There are 2 protein chains.
Amino acid sequence: MSVQPVHINGEWRPSTGSKTFTRINPANREVLSGEFPVSPWEEIDEVLEAAHTAFKEVRDFAPERFADFLEAYAAEIETRIDDIVAAANEETALPVSPRLKDGEMVRTIDQLRQAAQAARNRSWTLPTIDTKTNIRSMLGPIGPVAVFGPNNFPLAFNSIAGGDFAAAVASGNPVIAKGHSAHPRTTQLLAESAAHAAETTKMPKGFVQLIYRTSHEDGARLVADKRLGATGYTGARHAGLFLKEAADKGGNPIYLELSSINPVFILPNALSERLDDLVEEFVGSCLMGTGQFCTNPGLVVLRAGDHAEQFISAVAKKFEEAPAGTLLGEGVEQSLRAGIVAIQRTGAHIVTGNKPVDESRCCFANTLLRSTGKQFLNDPNGHQEEAFGNSSLLVVCDSDDEMIAVAEQLEGNLTGCIYSETNGADDALYDQLAGELRRYVGRLLNDKMPTGVAVSPAMNHGGPYPATGHPGFTAVGIPASLRRFAMLECYDNVRPHRLPPELRDENTIDGLSRFVDGEWTDRSLGQ
Amino acid sequence: MSVQPVHINGEWRPSTGSKTFTRINPANREVLSGEFPVSPWEEIDEVLEAAHTAFKEVRDFAPERFADFLEAYAAEIETRIDDIVAAANEETALPVSPRLKDGEMVRTIDQLRQAAQAARNRSWTLPTIDTKTNIRSMLGPIGPVAVFGPNNFPLAFNSIAGGDFAAAVASGNPVIAKGHSAHPRTTQLLAESAAHAAETTKMPKGFVQLIYRTSHEDGARLVADKRLGATGYTGARHAGLFLKEAADKGGNPIYLELSSINPVFILPNALSERLDDLVEEFVGSCLMGTGQFCTNPGLVVLRAGDHAEQFISAVAKKFEEAPAGTLLGEGVEQSLRAGIVAIQRTGAHIVTGNKPVDESRCCFANTLLRSTGKQFLNDPNGHQEEAFGNSSLLVVCDSDDEMIAVAEQLEGNLTGCIYSETNGADDALYDQLAGELRRYVGRLLNDKMPTGVAVSPAMNHGGPYPATGHPGFTAVGIPASLRRFAMLECYDNVRPHRLPPELRDENTIDGLSRFVDGEWTDRSLGQ
């Protein structure tokens with residue numbers, strides 16, 4: 001297999017770069033056939049120019065055009081599900097079924113269709129009309145969006161098919177997809193479907209483009225470029241913060257979804273009430289997908305006592321019994337081991353795991369660490385090192401106050417959970433804890449583990465820094481996720497026939513609510 | 001007059017710093033009596049700690065508490081209008097009437113009351129409920145907000161009384177006001193009213209605080225601090241970008257309102273249709289307030305011809321006839337002169353002005369510069385240097401295409417205007433120009449000058465970088481401006497009695513619309 005082509009300005013063509021990379025199958029550590037190119041700056045510059053040109057063209061498109069493309073794309077993917085899923089399985093070792101085929105693929109296609117619906121119904125635009133001053137405003141497209149997808153969802157967060165892609169397109173923006181280096185073939189197959197759908201729905205040439213890899217410096221240049229509107233990035237913290245610094249300097253919004261340890265507080269009476277269920281729920285959530293979820297519960301806070309000890313023993317037993325799943329790759333394996341070492345440096349010790357189990361594939365023993373509330377408070381940062389994968393840290397506190405003190409020291413997270421006793425026996429502690437936790441998490445859960453991020457209009461897959469770069473936005477959930485890729489467009493005294501349809505007196509868009517003189521209404525003006 | 005006190009944690013007290021500063025009356029260049037302190041880091045740290053503590057306390061407050069405070073504050077100001085206006089006049093040379101007393105003061109009080117109303121009606125929170133998944137979300141307060149007010153609106157954008165202050169408080173956040181160094185006495189008087197209102201409405205001690213000045217380094221440390229939620233900054237570009245870099249590194253949102261030259265395109269047929277009116281409108285807008293508005297028209301683009309020459313001559317005549325207004329201070333005077341020099345370096349030449357007129361006060365001749373479209377396109381950045389004050393640059397283009405090419409080279413601006421002929425003779429050119437201009441401006445106007453920023457729900461006082469730091473937000477307009485100081489709070493499976501009132505099944509908040517299962521409705525769930 002020769003070097004694979006990039007997709008630039010409507011064409012599949014050889015990269016002009018000379019560097020290439022390969023990838024492995026994490027299930028057997030074997031190098032997969034096929035090389036993929038590292039795009040040099042000249043090529044990225046061309047991609048930017050094509051996206052810029054495409055943006056000028058699509059600004060005049062009716063929103064239905066974007067919906068048509070998204071729907072055609074979803075239908076294209078449906079004709080190639082088995083091929084795409086097989087590639088993803090080979091590149092990530094995630095099981096074909098139920099994970100890839102029945103879970104992620106269904107979600108991916110559904111997201112594209114939900115985004116199409118949002119493009120049509122315009123609910124993301126928040127049209128606002130002030131009749132007294134004749135000033136009108138709405139959200140409109142921000143410009144070409146660069147999407148950097150993560151490793152752990154090769155379909156649903158894929159740079160050319162996932163949530164960021166769907167959101168960016170539905171809000172009217174060209175996308176420059178930067179595929180993840182660990183699953184380029186999966187991305188290439190998706191891009192083929194995207195390119196085909198773009199052609200059949202007559203989108204401009206530079207509307208969807210794919211490159212596989214850039215140097216760090218060129219990645220930074222890309223996100224800072226004046227021709228770019230914004231960036232969506234999901235992945236490791238260090239690489240994300242490197243891009244953030246560049247984008248910030250260039251004045252371009254960048255939406256990051258970085259690491260999160262997703263603290264779970266199990267209150268004392270909940271533990272005594274339903275210990276076995278909690279063990280089951282926690283182990284299931286923690287080891288699912290070999291722990292490789294953004295919302296994996298990486299920190300559990302308990303109050304010391306017999307029940308806590310029973311919980312820990314039971315979890316440890318299940319961690320030992322459960323097979324160690326295959327990790328996404330050697331990078332994840334290394335960072336998991338490094339994360340566990342970092343947490344141990346705080347004085348936390350190993351309850352179980354922390355050893356290799358099968359050298360023939362990428363994996364590591366299911367690992368449980370344990371520390372105390374006192375130790376946590378001595379070194380809050382050290383205890384919040386992420387060990388991404390099948391690992392979790394239990395922090396045992398001496399008192400309710402210590403649990404609250406731990407909550408006060410949390411960094412920003414995507415989620416925070418509190419389990420409390422059914423009939424209110426934990427409510428006093430709940431109230432104090434929730435007050436703290438609320439400030440540091442995007443999504444607060446009750447009696448439920450954080451994994452499983454529904455594509456719901458009310459979802460927040462976001463949270464305070466450093467979980468993301470801005471606590472006001474969500475990466476999942478439609479229409480809210482579209483608003484990341486939007487600018488506020490205001491029209492002051494603009495002649496009626498020049499207004500966008502969303503802002504005209506007559507409301508011709510079926511079901512569209514507008515904020516008119518302080519009230520949401522779907523009526524036309526003057527009626 | 002000794003060194004004036006700072007307001008920290010509920011007390012007026014001497015600053016612990018040893019450095020002080022004074023200010024002048026720009027109308028006679030005399031140093032005004034009274035010294036104001038530069039706060040050292042230890043003092044700022046104390047301010048942050050007090051704000052952090054206050055935030056914990058107010059998180060449990062009903063929204064009405066913030067409204068009560070804002071309304072009490074508005075009423076307090078009303079009892080001291082003459083004193084406050086007199087101080088502002090002395091420190092800025094802006095006329096008492098109509099500007100300060102009848103314009104800005106009325107606006108300031110009205111903004112506080114509009115913000116109070118938004119705090120009560122919760123329209124800024126965008127509550128979203130998905131009944132299928134039982135996930136609910138809304139915008140909530142982001143945490144203590146630092147407000148850096150500008151020089152040019154000592155009341156309506158004052159750090160402790162203006163739009164950012166009102167928005168931050170109405171969304172439930174404590175404010176750390178960093179007064180502008182040119183009008184500290186005005187700010188102090190307002191802060192006295194704020195402090196008194198906070199006391200009578202029983203707000204916590206650290207809820208509103210005032211410092212007057214910091215070193216650059218300490219300002220950067222303040223905006224990056226983990227205890228801070230966000231920053232609102234209005235002012236010069238270089239200082240704003242310095243703070244932006246620090247805030248970005250710290251992961252704290254910062255909303256900037258920086259320089260903008262507010263391009264005005266006058267299309268050929270409009271010019272021939274109503275030349276006299278256009279001259280009148282432009283000169284009025286450009287010289288109003290001695291040109292010291294964020295939305296002052298600093299760049300006018302015309303197509304060459306007799307009418308363009310007549311326009312230029314008529315404007316020049318009026319610039320010469322109009323008295324040169326007093327500028328806000330020596331800093332503004334210097335930067336205006338430097339800006340004019342910078343623009344001249346591009347090859348632009350002076351039509352009129354560019355000379356001192358009265359050494360006894362801060363002022364400079366009304367200045368008109370002229371360049372060509374060709375020159376602009378040779379050095380677009382140089383032609384977009386801001387010369388803040390009573391100055392403007394006219395760019396005369398040889399063709400419609402050149403006008404469009406100029407639009408393509410614009411930086412991000414708050415506003416962009418197009419004047420076109422009444423009956424549609426300019427419409428073809430309008431369409432092309434507007435398509436370009438739309439991407440670079442927050443507010444697009446027709447047949448209207450950009451000065452005059454109504455406090456309207458549909459207003460956008462924002463725009464693409466470098467006019468601001470994020471094109472999705474507005475600094476003026478309620479409720480939208482409140483959303484800058486918000487985080488997205490999601491509740492997943494949270495027990496009903498623990499939900500905030502906005503997200504409960506029963507909608508008890510009068511008039512509050514919620515986005516329930518994809519539709520805006522003010523009904524309770526299940527009804």
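Me: How much area do chain B and chain A bury between them?
Reply: This is a predicted model, so the value is computed from predicted atoms. The size of an interface is often given as the accessible area lost when the parts come together. On carbon and sulfur atoms lies 54% of the buried area. Between them, chain B and chain A bury about 5,900 Å².

Me: How many residues of chain A are in contact with chain B?
Reply: Contact here means heavy atoms within 4.5 Å. Chain B brings 73 residues to the contact. On the side of chain A, the number is 73.

Me: How many salt bridges are there between chain B and chain A?
Reply: Side chains of opposite charge can pair when their charged atoms come close. Over all chains, the structure holds 74 salt bridges. Between chain B and chain A, the count is 12.

Me: Which residue of chain A meets B:Lys56 in a salt bridge at 3.0 Å, N to O?
Reply: B:Lys56 also has a salt bridge with A:Glu436, at 3.4 Å from N to O. The pair at 3.0 Å is B:Lys56 with A:Glu408. B:Lys56 sits in helix H1 of chain B and its partner in helix H15 of chain A, so the pair joins two chains. The partner is A:Glu408.

Me: How many residue pairs are in polar contact across the interface of chain B and chain A?
Reply: Both residues of a pair must reach pLDDT 80 or more. Elements giving two or more residues to the chain B side include helix H1 (41-58), helix H8 (237-250) and strand E21 (486-492). That side has 30 nonpolar, 21 polar and 22 charged residues.

Me: Are helix H15 and helix H16 of chain A roughly parallel or roughly antiparallel?
Reply: The axes of H15 (residues 400-408) and H16 (residues 427-440) of chain A come within 9 Å. They cross at roughly 10°. Angles under 35 degrees count as roughly parallel. Therefore H15(A) and H16(A) are roughly parallel.

Me: How many residues in the contact of H15(A) with H16(A) are nonpolar?
Reply: H15(A) contributes A:Met403 and A:Ile404, among others. From H16(A) come residues including A:Leu429 and A:Leu433. The contact also holds 1 polar and 3 charged residues. The nonpolar number is 6.

Me: What distance separates the C-alpha atoms of A:Gly353 and A:Glu320?
Reply: A:Gly353 lies in the loop between strand E16 (349-352) and strand E17 (367-372) of chain A. A:Gly353 touches A:Ala365, A:Asn366 and A:Thr367, leaving out residues up to four places away in sequence. A:Glu320 is 33 residues from A:Gly353 along the chain. Their C-alpha atoms are separated by 7.3 Å.

Terms used:
Residues are numbered from 1 along each chain as its sequence is written. Chains are lettered from A and ligands numbered from 1 in the order in which they are written. This is a predicted model: local features need pLDDT of at least 70, side-chain atom pairs count only at pLDDT 80 or more; totals for chains, interfaces and linings use all residues. Side-chain values use heavy atoms; hydrogens and water are left out. Axes are lines fitted to C-alpha atoms, for helices over the stretch in contact, and angles run from 0 to 180 degrees between N-to-C directions. Helices (H or I, at least four residues) and strands (E, at least two) are DSSP runs, numbered from the N terminus. Angles under 35 degrees count as roughly parallel, over 145 as roughly antiparallel, 65 to 115 as roughly perpendicular and the rest as oblique. Ala, Val, Leu, Ile, Met, Phe, Trp, Tyr, Cys and Pro count as nonpolar, Asp, Glu, Lys and Arg as charged, and the others, Gly among them, as polar. Buried area is the accessible area (1.4 Å probe) that two parts lose on being put together, summed over both. A salt bridge is a side-chain nitrogen of Lys or Arg within 4 Å of a carboxyl oxygen of Asp or Glu. A polar contact is a pair of N or O atoms within 3.5 Å; within protein, one must be able to donate a hydrogen and the other to accept it, and residues adjacent in sequence count only if both atoms are side-chain atoms.
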